[in-house]
Amino acid sequence: MNPQTIVKSSAPVDAPRPAAGPAGHRRSNRRAEVRLFARLGHVALAVWAIIVIVPILWTFLAAFKNTTEIFSSPWTLPAELRWENFSRAWTKANVGRYFLNSVIVVGFSTAGTMLLGSMAAYVLARYRFWGNRFIYYLFVSGLAFPVFLALVPLFFVVKNLGLLDTHTGVVLVYIAYSLPFTIFFLAAFFKTLPSSVAEAGMIDGCSHTRLFFRVMLPMAKPGLISVAIFNIIGQWAQYQLPLVLLSNAKEKWVLTQGIADISVNAGYEADWSGLFAALTIAILPMIIVYAVFQRQIQSGLTSGAVK
């Protein structure tokens, strides 16, 4: 056959394609909707980032200025880095003592929360017994209970225990209010761990306690780190509970109480630079903690969602 005849008889290369059917139109519309929502999501995240970052950046800049610069040129860079603002806040305003108190309270309360919360979540997630669901939902219901509603009865309970104006009382209360979220998160995480590993440990002679601490707890490390960071940030920024429980013991105040006291006195002494320096001291540790453990937090949140 003549090659020219084959070329002529074949369809043209640039011939129009047949029109897509209804299924093709639906897929195209879905892709367009996904792209639209993705763009809207990026815009919302950008707006949210600006709302969060701008006040923090302004606080950091004001921490290095004097009072005149803060009010006359709030958005400009400081003329010089005034580190004396931090030293004055640390010593004169007792931020150093309040910072140490916060470290002690948050350290012990986070350790207690993670120990008790992980043990309770493991039992509720891996063992079946009568009342299991009731106890779990009882813990989870604590997430819907506002803190300020319990301040008055909580004050009298702590007072009757002889723990008012003590760090021990604050630590116990922090643990109690952090357990609902911890158990809710870790129970879902423990359910995703493979049962074959636990069965192998029991066959090898592990007791329930040893199985938990030596096998299951290390496997839950991403989830534990995520919950621990959230608890640290939440307890570090807590103000209502220490305000009620440490009202008459100024030497035991935590950082949020100290900064509030500086804010009240700033209206009379006009030491606004010291106030912003104290705020910077309070904010920076949490930013550093989150930045260091960012990967572990993300892996803990995602691994707990996929079995």
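A salt bridge here is a side-chain nitrogen of Lys or Arg within 4 Å of a carboxyl oxygen of Asp or Glu. Keep that in mind, please. One caution as well: this is a predicted model.

So, how many salt bridges does a search of the whole structure find? Three. Let's take them in turn.

Start with Arg82 and Glu69. Their side chains meet in a salt bridge, at 2.5 Å from N to O. This pair links distant parts of the chain. Arg82 is in the loop between α3 and α4, and Glu69 is in helix α3. They are 13 residues apart. Are these two buried or exposed? Arg82 is buried, because its relative accessibility is 11% and buried means under 20%. Glu69 counts as buried too, at 13%.

Next, Glu80. Glu80 also forms a salt bridge with Arg82. Here the closest N and O atoms are 3.7 Å apart. Glu80 counts as partly exposed, at 49% relative accessibility.

Now go to another part of the chain. Lys250 forms a salt bridge with Asp261. The closest N and O atoms are 3.7 Å apart. Where do the partners lie? Lys250 is in the loop between α12 (240-245) and α13 (255-269), while Asp261 is in helix α13. The pair therefore ties together parts that are eleven residues apart in sequence. Both ends are partly exposed: Lys250 has a relative accessible area of 39%, and Asp261 has 21%.

Back to Arg82 for a moment. Which residues do shared partners join into one network? Glu69, Glu80 and Arg82. Why can such pairs form at all? Side chains of opposite charge can pair when their charged atoms come close.

On to the rings. The count comes to 18 aromatic pairs. I'll show you two of them.

The pair of Trp58 and Trp75 is tilted. Their centres are 6.4 Å apart, with 50 degrees between the planes. Trp58 lies in helix α2, and Trp75 lies in the loop between α3 (67-72) and α4 (84-91), so the pair ties together parts 17 residues apart in sequence. Trp58 is partly exposed, with a relative accessible area of 23%. Trp75 counts as exposed, at 60%.

Then look at Phe64 and Phe86. This pair is tilted as well: 5.2 Å centre to centre, and 55 degrees between the planes. Phe64 is in the loop between α2 and α3, and Phe86 is in helix α4. That is a link between distant parts of the chain, 22 residues apart. Phe64 is buried, with a relative accessible area of 16%. Phe86 counts as buried, at 15%.

Rings can also join into groups. Which residues do ring pairs link into a cluster? Tyr122, Tyr127, Phe190, Phe212 and Phe213. Find those five in the structure above.

Look at Arg133. Arg133 lies over the face of Tyr136, at 4.6 Å from the ring centre. The charged end of Arg133 also sits over the ring of Tyr137, 5.8 Å from its centre.

Next, the surface. Which residues form a nonpolar patch there? Val43, Val47, Trp48, Ile51, Val52, Ile53 and Leu57. Together they have about 680 Å² of accessible area. Take Trp48 from that list. Trp48 is found in helix α2, residues 22-62. Trp48 is exposed, because its relative accessible area is 57% and exposed means over 50%.

Last, the backbone. Most residues other than glycine have a negative phi. Now look at Asn94. Asn94 has a positive phi of about 60 degrees, although it is not a glycine. Where is Asn94 found? In the loop between α4 and α5 (95-126). Asn94 is partly exposed, with a relative accessible area of 28%.

Asp165 gives us another case. Asp165 is not a glycine, yet its phi is positive, at about 60 degrees. Asp165 is found in the loop between α7 (151-160) and α8 (167-191). Asp165 counts as buried, at 18% relative accessibility.

To recap: three salt bridges, 18 aromatic pairs, and a nonpolar patch on the surface that includes Trp48. Asn94 has a positive phi, and so does Asp165.

Conventions:
Residues numbered from 1 in each chain as written. Predicted model: local features only at pLDDT ≥ 70, side-chain atom pairs only at ≥ 80, totals over all residues. Heavy atoms only, no water. Patch = residues over 30% accessible without salt bridge, like charges linked within 9 Å, V, L, I, M, F, W, Y side chains within 5 Å. Areas by Shrake-Rupley, 256 points an atom, 1.4 Å probe, with all protein chains shown as cover. Helix = DSSP H or I, 4+ residues; strand = E, 2+ residues; numbered from the N terminus. Buried < 20%, exposed > 50% of the residue type's maximum accessible area, 1.4 Å probe, protein only. Phe/Tyr/Trp six-rings, centres within 6.5 Å; stacked < 30°, edge-to-face > 60°. Lys NZ or Arg CZ within 6 Å of the ring centre and 35° of its normal.
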